[in-house]
Amino acid sequence: MTRECAVLLPGVCAALAEPRQPGLDDTCLEKLLDWFRTLTWFDPSVELLQDNPCLTELITSVLALPDPSPSILSFTLQLAGILASSESRFQHLQQEKLLGRLFGQEGPRGSAAWEDASVRSAWVKGVHSMVHHQPALHFLCSSGGMDVIFALQGDPSLFVASAASQLLVHMLTFSLESETSKALSAKDCDWPACAQMIVKHIQESLQSSSASHVEQSLKLLSSLFGSCFGSCYAAWTEVLWSDIAKQIESFLLEETVQAQPLLANLLLNVARSAVFCGTEGSFWALVTSALEHLTPVQAGPLAVGLLKLCKCPQDVRIQALTVLLQPMDCILRAASQPLEYAGLLDESVSDPVTVESLLSSKTSCAGLLCQTLAHLENLLSLKHLRVDLPCVSLLRSLMTILQFCNGFLSPTSPLGSTISRNLINSFRVQKSALDVLAALSEKKDCDTLIGSLFDVLLAYLQSPNTSPTVLKKTFQATSKWLVHLQELSCSNSQWQQTEKILEDVFLVLQKRLCSPCWEVRDSSLEFLTAMVKCLRDQKEFRQCLLSSEVLRLTENLLEDPESYVRASAVTALGHLAFITCFAPESPVIGHQWNKENTVAKLQEILSTDSEGFPRRAVISIFTAWLREGCTGQLEDTEQFVSRVIQTVEHDLDWEVRVGGLELVEVFCSQTICQLSQCPYAPVSSAVTSSTPQNELLQVFCRAKLFGFLFRSLCDCDKPVGQRACDVLIGLRGHFYPMSTLENPQEIEDSPAGRGIAWLQRTLRQGSLAQNFPTNGGDGVDFQDPDSMMLALGAIDLLELHDELNKSSDHVEESPQSLLQDILATVGTIEDNEVDCY
């Protein structure tokens with residue numbers, strides 16, 4: 001603790017204990033507790049209490065109040081717990097007889113204050129902070145504290161109940177830390193005293209007739225096995241599991257028990273522990289039983305969790321996958337009778353009638369399918385799945401679901417008719433199914449269904465009943481499958497099928513680009529951009545694109561009344577330019593598509609559009625063009641960059657200005673690569689005056705980069721200054737090795753040197769950009785190569801970098817400032833001493 005804080009602390013403690021003072025803001029009290037946590041973490045000694053007796057006086061004063069406010073009592077409980085976190089300070093507070101009055105039987109737990117949830121929560125947090133040594137454990141066990149914690153597991157406040165459960169996990173784990181790592185078995189077990197109390201409580205609660213007690217213990221066990229206990233205390237984990245396994249098994253068989261939904265999470269956390277790695281033993285048999293007896297909704301999370309475990313036995317893994325595929329199998333079998341195609345499964349894990357009844361119910365059908373589809377998408381995202389998914393049948397099932405949802409399939413079976421009625425216009429199921437459909441595009445064995453698949457996708461794209469959100473998902477799935485189709489047609493020469501699908505896609509895209517709904521126009525443009533990014537090199541795609549009306553419609557949307565649509569149109573047109581303007585074999589399809597016109601249109605948007613989104617899109621596209629070398633020879637690129645940054649530096653949107661700095665960074669990198677012999681290494685002082693270096697400086701000065709960069713250093717938006725500083729440090733690394741930086745004292749006598757010195761002072765002051773000279777004022781010429789070379793070598797850019805990266809609250813949120821604010825709030829110091837933050 002600093003001397004300044006030690007001086008302020010007694011006044012703060014006195015103010016907190018004063019009952020007539022108005023209540024302090026809870027944020028101040030939380031910050032104060034955070035400060036004490038930091039102090040005690042780094043210093044476990046008792047000196048903190050001995051040197052600051054005001055802390056124990058505060059606790060004593062609050063305890064003496066007849067009716068302390070809940071906020072001050074809560075603060076005191078947490079403070080005492082933090083202070084008692086080391087054994088020496090714990091003993092000191094015990095000698096003062098304070099801990100029993102806070103956490104013992106004579107504490108607040110028997111008073112009216114206990115009715116306030118914040119006080120109960122603070123009591124639990126205080127105990128949690130305190131239990132980091134054995135004396136604290138013994139104190140709680142001997143003072144009745146354990147019974148309080150057990151009771152708080154069922155607290156009406158979920159925050160208190162959760163905190164109590166976490167505390168018990170911590171206490172059980174901590175109580176075992178002092179035990180030697182001796183081999184244990186269920187017959188030879190001697191739990192430490194505290195752990196024994198917790199384990200006994202768990203066992204009694206599991207056998208209780210109270211459903212809430214059973215639920216609390218299952219939640220506690222799940223948290224316990226999911227914590228470091230399950231992985232670090234393997235022997236104890238095995239002992240505990242052997243004590244409760246029979247009871248857990250009975251819950252699975254008693255279908256009326258409300259605890260069943262919690263069993264899946266418990267079993268999964270036990271499976272993740274280090275104990276049950278082998279394929280032998282009763283545990284995996286219990287997991288198999290759970291997959292059979294839990295409802296499909298309850299078993300789903302357990303199944304997908306098991307499939308992610310590398311140590312899960314293969315037969316259990318196959319059973320888990322079967323659980324997830326059962327609803328999809330039911331959909332496929334219900335679509336037609338007799339079965340036109342084989343289902344997904346040869347046999348079911350649980351009774352198929354259960355799944356059929358859930359899908360037949362209007363209330364449960366969509367929920368079960370959405371959960372199943374989310375799990376399947378999760379599995380498809382894994383790089384290494386240790387079971388084989390039946391992708392063809394799964395794809396057929398997805399197509400069936402989508403056709404049920406839009407009414408394009410009329411099943412003949414009674415079950416199919418019921419399911420289709422339940423799913424009609426179900427946006428949730430449509431979106432989930434389309435997500436899985438998109439993920440399946442990565443699989444290589446679905447080629448036989450690709451024609452039917454695009455029939456389904458095109459039906460969704462064409463239907464006026466497709467909602468905008470579902471349409472967006474359909475576009476995303478379609479773009480992924482178009483890439484797959486292109487790869488397929490290249491290898492199998494299926495050009496005609498590909499060409500027909502592309503023609504159909506562009507026809508529907510033209511219609512959607514004219515939609516009265518702006519979300520649809522926006523999604524259509526995003527889809528077009530995604531297609532161009534992936535397929536612009538394919539001849540069939542370019543031919544279909546150029547023979548459609550898509551180019552003209554996209555250009556029209558540059559003037560859309562909705563700024564999001566204009567931004568998407570800019571992005572689409574920018575990527576289309578790789579086909580219409582920049583490709584070596586660009587077809588001549590009209591004067592309006594030449595490079596100059598396209599650039600002019602986008603520059604006009606950059607300088608005139610009233611919304612930030614389209615302007616950000618323009619600067620992003622210009623940077624993409626520059627990266628791909630589409631802006632011509634160096635002289636053309638130099639003029640292009642210069643025009644753009646002169647527009648950007650006056651933009652009111654800081655993200656546009658940062659985009660301009662990114663453009664400058666790419667331009668600098670590319671120019672250095674073109675003009676330098678070794679673009680990635682700093683040059684030595686012997687060649688800093690060589691022709692390539694002078695030419696580089698001249699190019700950068702002609703493009704007016706340095707004025708833009710140095711003015712950006714003092715931008716009122718910090719990200720702009722940070723990016724500009726990064727670019728300047730990168731340039732200095734090229735022009736100067738670290739050992740040859742200029743000495744500011746030696747150059748200040750020259751006219752240019754005086755200007756650089758002024759610039760350094762200005763930058764340190766953080767002046768706004770408009771205070772900079774624009775025409776050589778104060779002797780700084782940002783277009784003079786020699787001056788800019790001096791500036792790069794003499795200005796302390798690293799110091800500026802550190803300043804720009806400091807948090808704006810590095811002073812205001814100091815402990816001293818916090819203490820001053822508290823004193824100011826209670827009116828004990830003058831107003832002008834306050835740091836209000």
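Helix H18 is mostly covered, with 10 of its 12 residues buried (under 20% relative accessible area, 1.4 Å probe, protein chains only). Helices here are DSSP runs of H or I with at least four residues, numbered from the N terminus. The model is predicted, so local features need pLDDT of at least 70 and side-chain atom pairs pLDDT 80 or more, while totals for chains, interfaces and linings use all residues. Residues are numbered from 1 along each chain, and side-chain values use heavy atoms, without hydrogens and water.

Among the buried residues of H18 are Pro-296, Gln-298, Gly-300 and Leu-307. The buried set packs against helices H16, H17, H19, H20 and H21, contact being heavy atoms within 4.5 Å. From first C-alpha to last, H18 reaches 16 Å, close to the 16 Å expected (1.5 Å times one less than the number of residues).

H17 (residues 282-293) packs on H18 (residues 296-307) at about 135°, with the axes 10 Å apart; axes are lines fitted to C-alpha atoms over the stretch in contact, and angles run from 0 to 180 degrees between N-to-C directions. H17 contributes Trp-284, Val-287, Ala-290 and Leu-291, and H18 contributes Ala-299, Leu-302, Ala-303 and Leu-306.

Helix H12 (residues 193-206) should span 20 Å, and its end C-alpha atoms are 20 Å apart, which agrees. Its buried residues include Cys-194, Ile-198, Ile-202 and Leu-206.

Terms used: Helix = DSSP H or I, 4+ residues; strand = E, 2+ residues; numbered from the N terminus. Buried < 20%, exposed > 50% of the residue type's maximum accessible area, 1.4 Å probe, protein only.
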